Amino acid sequence: MTAPMILPGSTLGVLGGGQLGRMFTVAARTMGYHVVVLDPDPDSPAGALASEHLCADYRDAGALARMGEICAAVTVEFENVPADSLAYLADHSLVRPGPQALALVQDRLQEKTFLASRGFPTPPFAVVEQASQAEAAFAQVGGAGVLKVSRFGYDGKGQARVADAREVAQAFEAMGRQTCVLERFLDLEAELSVVLARGADGAVAAFPVVENQHRHGILDRSLCPARVEPAVADQALHMAQAIAEALDYCGVMAVEFFLLPQGRLVVNEIAPRPHNSGHFTGDACLSSQFEQQVRALCGLPLAPTELHTPTVMVNLLGDSWSEGEPDWGALLRHNRIKLHLYGKGAARPGRKMGHYNCLGPQLADAIALADRTQQALKGGRWTD
């Protein structure tokens with residue numbers, strides 16, 4: 001029997017009130033839903049636009065009870081939500097994605113073990129739970145790599161490059177002796193990602209493959225369509241869908257890939273939510289990843305995902321505010337740029353403050369426009 005759809009006029013909940021929660025809130029309210037945001041930040045970007053902002057800790061009993069009472073369905077903005085809070089809400093409301101999928105992806109070691117056990121290729125990895133395991137772990141991965149905390153690392157935080165076993169042990173101590181995963185450095189041709197939505201009925205709608213460029217461990221730009229062979233794009237799409245099915249996933253998720261020589265793909269990591277690399281969808285596709293998040297949460301048919309305009313998404317970090325407010329005039333003078341600011345206050349280095357999408361008749365045009373605007377925002381002279 002097909003579950004009934006949750007229709008406009010209902011109240012949806014989201015755990016997390018940052019920019020991803022804000023864009024979910026915009027999509028949901030545009031479609032006629034009420035939105036309740038639970039986030040401890042009184043200046044939450046999502047809370048500012050929500051029907052109701054529960055400004056409380058994610059484990060606050062009263063806030064969880066309120067959300068469970070009034071929300072027909074609840075989703076998450078980020079994966080590191082306390083598992084017990086999700087379990088409570090799952091007993092009182094519909095939670096998508098489910099607590100089991102989120103719990104698995106919260107832990108890097110569990111995630112990689114899950115992927116490897118189901119035949120998905122990953123970089124060589126080893127667990128480090130004590131400093132004495134450094135030498136064996138380094139030998140197991142077979143060379144220089146990256147040591148990453150198993151839980152709660154993101155955007156380059158909680159990780160360190162290591163060239164030998166001694167550095168592995170040192171990095172492990174510097175990370176507070178938390179359980180870590182050591183991953184081998186690979187010779188990459190590109191970093192790719194696939195953002196897709198999977199409904200409760202198993203239907204899948206994937207956006208085109210994206211090519212990602214990072215700076216200091218943080219996503220700098222995403223290019224769509226990715227500059228890869230069609231066979232590589234097809235492989236990435238197929239693999240991402242297979243991972244969603246293996247997780248019995250419901251909602252929007254992203255799968256990040258490393259592209260190796262000879263067109264080989266390995267899975268880097270899974271994000272059980274909308275993703276930074278999917279921000280191009282709001283201006284360049286027939287639907288956005290946030291509309292899809294609403295649709296999957298509410299049991300609605302998934303929307304079309306075709307790309308109608310080649311695009312480069314550029315992240316705006318707090319570094320751009322180092323000498324005051326950026327020159328938005330230099331950016332917005334071009335009518336093929338779509339600016340999205342997140343409503344955050346303090347502009348700290350490395351903090352994601354917004355993004356903009358550069359649209360072009362061809363991808364090369366979008367890349368050239370992104371190059372010029374990034375230079376202009378760094379204080380260079382704008383050139384047409």
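1. A polar atom of the Thr-311 side chain lies 2.9 Å from the backbone oxygen of Thr-309. The model is predicted, with local features needing pLDDT of at least 70 and side-chain atom pairs counting only at pLDDT 80 or more, while totals for chains, interfaces and linings use all residues. Residues are numbered from 1 along each chain as its sequence is written, and side-chain values use heavy atoms, with hydrogens and water left out.

2. Thr-311 belongs to strand 16 (residues 311–317); strands (E, at least two residues) and helices (H or I, at least four) are DSSP runs numbered from the N terminus. Thr-311 has a relative accessible area of 0% and is therefore buried (under 20%, 1.4 Å probe, protein chains only).

3. A pocket is an open set of points on a 1 Å grid over the protein atoms alone, with protein on both sides within 12 Å along at least five of seven lines; lining residues have an atom within 4 Å of a point. Of its 23 lining residues, Leu-317, Asp-319, Ser-320, Leu-377 and Lys-378 are closest to the centre.

4. Strand 16 gives the largest share of this second largest pocket's lining, four residues. Strand 13 (218–224) and helix 12 (363–377) each supply at least two.

Technical notes. Buried < 20%, exposed > 50% of the residue type's maximum accessible area, 1.4 Å probe, protein only. Polar contact = N/O pair within 3.5 Å; in protein donor to acceptor, adjacent residues only side chain to side chain. 1 Å grid on protein atoms, 1.4 Å probe; cavity = no way out; pocket = protein on both sides within 12 Å on 5 of 7 lines; lining within 4 Å.
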